[in-house]
Amino acid sequence: MKPRILVLGAGFGGLELTTRLSEAMGDSIDVTLIDRSDAFIFGFSKLDVMFGHSTLDDVRLPYSSYAKPGVRLLRETVTAIDPVAKRVTTDAGMHEADYLIVALGAEYDIEATPGLSGANEFYSVAGAEKLREILADFQGGRVVIGVCGTPFKCPPAPSEAALMLHDYLLERGLRDKSEISFVIPFKTPVPPSPETSAALVEAFAERNIAFMPGKKVESLDPARKSVQLDDGSELPYDLFLGVPKHRVPPVVIDSGMSENGWIPVNPRTLETKYPGVYAVGDGAATGTPKAGVFAEGAARAVADALIAAISKSGEASLYSGAGSCYIEFGAGRIGRVDVDFFSGPAPTGVYYPPSTELRTDKEHFGASRRARWFGLNY
Ligand SMILES: Cc1cc2nc3c(=O)[nH]c(=O)nc-3n(C[C@H](O)[C@H](O)[C@H](O)COP(=O)(O)OP(=O)(O)OC[C@H]3O[C@@H](n4cnc5c(N)ncnc54)[C@H](O)[C@@H]3O)c2cc1C
C-alpha cells in the first residue's frame, strides 16, 4: 500500500508541502490535502482589497486550478483530529493516515477583546472587504490602527496599513481632516531589525502618524467610540482598524494538541509529541514569525523529512527559521527585511530600503507561487 499522507489546510504551508511531495514522489504516494475554502488568498492581498487596489475576484486563487500528481485536494471542513490514531473527521467522513500534518493556520478570537465585534478588523478577508466599503464612505476623522494581542500574523502588516492609509486619505483629499494613531504591543515596529524599525518610525513621523509602541488594545467601547489600552489610557476614534487576538482554530484546541494557544513542536523538525504527526505554519509554536514565508520554509523541511523516510534515500533538511518580508512603505515603494531566527543567539534582520525595484521583487514572489502551486501564468 502507498504511504498515506494527510495534510490539513491548503494555505502557504499545506500548498508548499504537497507541491514538494508531488514533485519528488508523484503517484508513488497517496497525499490528501483538505481545506474548507474554495480558494487561496495571499495575506498581503487583504491590504490591497481594503484600500481598493484590487477586488476580491482579482486576488482569489481557486483550488480548482490546483492539480498535482499523487495529491487529492478535498473541500471539506475538519471537525475532529485524533493525533494518536492519526485519524481525522470532516463534515464528509473520516480519513486515516500514516503521516498527519496540521497546517490549519491561526484564527481570530474576536470575543477575546470586548467591543471589537462592534468595530472593524482588517486581518480576515471578510473584514478587509467590509472595510473597503467603510473607507469609501469615510469623510475624515480620527483613525486608530490597533493590535489586540501577540503573536499576530506578519508583524510588519499593521505598519504597512498605517502607511497605506496615509496615501489613501491623501489621494481622497481627506488627510488634512484626519488623524492616524497606530498602537502596537512591540517596542519597535519590527523587533529583529533596528534598521527597519528606525526607517518605519521615520516614515510615520514624516507623515504625522502617531506611533504608540509598547501598548496593546485591551477593549473598545463602540457606543462611546473609545479604545481602552492596557496602560489604562483611552483613545477616541471615528474609525477603528483592528488586528484581533490570534489562536489556533477551535478544532485544534479540541484535539488536545495545543498548549497555551499553539501547537508545541521541535522548532527545527516540526515534529509534535505524537509520532508521525507534524505541525507547520502559523499554528506551530516555533518561535519564528507567523508569516507565509516561514510557513513555506517549515513545510519544505517536513516534506524533505517525509521524502527521505518514505524513499529511504536523501536527507531530511532542518527548518532554517529564516525568511524575507516585503514591507509597503507607501507611494508605490516597497522595502524588505531578511530575518533569521535560528542562526545566532538572538534573531537578526537585514534591511533593504524601499524602492520600486523591490515592488517588482514582491510581484515576482506572488507570481512564482501562483505558477508553482496553481499552474497559473505569470
Ligand atoms: C494583512 C496580512 C498581511 C500579510 N502579509 C504577508 C506577507 O507580506 N508575507 C508573508 O509571508 N505573510 C503575510 N501574511 C501572513 C500569512 O498570510 C500567513 O502567515 C500564512 O498564510 C500562514 O500560512 P499557514 O499555512 O500557516 O496558514 P493559512 O495560509 O492561513 O492556511 C490555513 C488553511 O487552513 C484552512 N482551515 C482552517 N480551519 C479549517 C478547518 N476546520 N477545516 C478545513 N480547513 C480549515 C483555511 O481555510 C486555510 O486555507 C499576512 C497576513 C495578513 C493577515
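**Entry 1**

I began with D231, which is partly exposed because its relative accessible area is 43% (buried means under 20%, exposed over 50%, partly exposed in between, with a 1.4 Å probe and protein chains only). The model is predicted: local features need pLDDT of at least 70, side-chain atom pairs count only at pLDDT 80 or more, and totals for chains, interfaces and linings use all residues. Residues are numbered from 1 along each chain as its sequence is written, and side-chain values use heavy atoms, with hydrogens and water left out.

I then looked up the partner of D231. K215 forms a salt bridge with D231, with the closest N and O atoms 2.8 Å apart (a salt bridge is a side-chain nitrogen of Lys or Arg within 4 Å of a carboxyl oxygen of Asp or Glu). K215 sits in the loop between β13 (209-213) and β14 (217-221), and D231 in the loop between β15 (226-229) and β16 (234-236), so the pair ties together parts 16 residues apart in sequence. Helices (H or I, at least four residues) and strands (E, at least two) are DSSP runs, numbered from the N terminus. K215 is partly exposed as well, at 21% relative accessible area.

R372 forms a salt bridge with E23, and their closest N and O atoms are 2.5 Å apart. R372 lies in helix α9 (residues 356-374) and E23 in helix α1 (residues 12-25), so this pair ties together parts 349 residues apart in sequence. R372 counts as partly exposed at 28% relative accessibility, while E23 is exposed at 53%. I also found E16, E23, E296, R300, R369 and R372 linked in a network of salt bridges.

**Entry 1. A helix and a strand**

D361 forms a salt bridge with R336, the closest N and O atoms being 3.7 Å apart. D361 is in helix α9 and R336 in strand β23 (residues 333-340), so the pair ties together parts 25 residues apart in sequence. R336 counts as buried at 17% relative accessibility, and D361 as partly exposed at 30%. I wrote down the count of salt bridges, which comes to 21.

**Entry 2. The whole chain**

I looked up the secondary structure, which comes to nine helices and 24 strands. Buried residues make up 56% of the 378 residues. The C-alpha trace spans about 65 × 45 × 40 Å along its principal axes.
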